[in-house]
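Here's a quick briefing on the insides of a protein model: its cores, its cavities and its pockets. Have the viewer open as you read.

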Amino acid sequence: MTPPRLGIGVIGAGRVGAVLGAALRAEGHAITGAYAVSDASRERAALLLPGVPLLDVPALVERSEMLLLAVPDDQLAPLAAGIAATGMMPGGQLVVHTSGRYGTEVLAPLAQAGSATLAIHPAMTFTGTPTDLRRLVGCPMGITAPPELLPIAAALVVELGGEATVLAEGDRSLYHASLAHAANHLVVLVDQAREALTRLGIEDPGAYLRPLLEAALDESLRHGRKALTGPVVRGDAGTVASHLEALDDLDVTGVPGEHGDTSATYRALAKAALSRARLPEESRAAIQGLLEDHPPVEEDR
């Protein structure tokens, strides 16, 4: 099913909204306008949606056959309720949001006003640059919609270059938590490793880590827990103890700009690794005992 060419209003010209608006525009849809508040959003709209007017929300509602709501999760419900309360929805409009957390229940006020509501969430991290347009190709996208509207959601995903996966309304929170846990916390642990290597005088810690991390990511995506390596899954309690000592010292003697949280993160993730490891009980108990020890209290810096 190919959607008709639509006049689309983009509410939220952040990293996601501006990119998806540009992708839909490239497929022949008309972007009627964009709502952008911050200077960064305005600059992004100028880059990715050149010539598109910056309008307020009522003007976008009035001019558009489809609204693309690309706002932070906590703003979505108030936005939907606010648009519905204006009484401006003519009925029959398509309203699509990009939140991973929510299905379509969050858009209930708009559905009650006669709109067709969809949730489409691209499972990728956006930079808000033209590079994202290429990265949309083949990107998994979680869709939620009433059964009769799923073909429309799937067709929009095809136009964006993605691959649709249908998600039930009640599954969205776990779906989003899994993605956020993987992507956001990956950034945290990589940043911690970068800080530690910088302390050792390694000038480009990102380049140093890249071969190791890319191989680990590829193997874990292919094989899950079977890809685990390192001292925890080998039962090397002595090595784990030396790691904890070094990381405790790192956190206590940290420099401004560092966060002093690496040891706690190591302990938490090592516990998770230990729960997935197949070890003799004696080895497991030895490592568990090390990980349960509390690190020293951080000194004033």
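How many cavities of 30 Å³ or more does the structure hold? There are two of them. A cavity here is a set of points, on a 1 Å grid over the protein atoms alone, where a 1.4 Å probe fits but cannot get out. Volumes are the space filled by probe spheres set on the points, with grid points joined across faces, edges and corners.

A word on the ground rules: this is a predicted model, where local features need pLDDT of at least 70, side-chain atom pairs count only at pLDDT 80 or more, and totals for chains, interfaces and linings use all residues. Residues are numbered from 1 along each chain as its sequence is written, and side-chain values use heavy atoms, with hydrogens and water left out.

**Strands around β3**

- Strand β3 covers residues 66-69; strands (E, at least two residues) and helices (H or I, at least four) are DSSP runs numbered from the N terminus.
- Met66 and Leu68 point one way from β3, Leu67 and Leu69 point the other way, and all are buried (under 20% relative accessible area with a 1.4 Å probe, protein chains only).
- In general, side chains in a regular strand alternate between the two faces of the sheet.
- β3 runs parallel to β1 (residues 7-11), joined by four bridges, and Ile8 has Met66 as its bridge partner. Strands count as paired if DSSP finds at least two bridges between them.
- β3 also runs parallel to β4 (residues 94-97), again with four bridges, and Leu69 partners His97 there.
- Together, β3, α4 and β4 form a right-handed β-α-β unit: with the strands pointing away from the viewer, the path from the first strand over the helix to the second runs clockwise.

**Cores**

- The largest nonpolar core has 36 residues, and among those touching the most other members are Met66, Val96 and Ile120. A core is a set of buried Ala, Val, Leu, Ile, Met, Phe, Trp, Tyr and Cys residues joined through side-chain atoms within 4.5 Å.
- Helix α1 (residues 15-26) gives the most to this core, with six residues.
- A second, separate core of 19 residues includes Leu67 and Val95, along with Ile11 and Leu79.

**The largest cavity**

- The largest cavity holds about 60 Å³ of space.
- Its lining includes Leu20, Met66, Leu68, Val96 and Ile120; lining residues have an atom within 4 Å of a point.
- α1, β3 and α7 (150-160) each give two or more residues to that lining.
- By class, the lining has eight nonpolar residues, one polar and no charged. Ala, Val, Leu, Ile, Met, Phe, Trp, Tyr, Cys and Pro count as nonpolar, Asp, Glu, Lys and Arg as charged, and the others, Gly among them, as polar.

- The largest pocket has a volume of about 2600 Å³; a pocket is an open set with protein on both sides within 12 Å along at least five of seven lines.
- It has 50 lining residues, and those closest to its centre are Leu186, Leu189, Leu213, Ala216 and Leu269.
- Helix α8 gives the most to this lining, with 14 residues.
- The second largest pocket has about 1200 Å³ of space, and the closest to its centre of its 39 lining residues are Val16, His121, Met124, Thr125 and Phe126.
- α8 also gives the largest share of the second largest pocket's lining, with eight residues.

Technical notes:
Buried means under 20% relative accessible area, exposed over 50%, partly exposed in between (1.4 Å probe, protein chains only).
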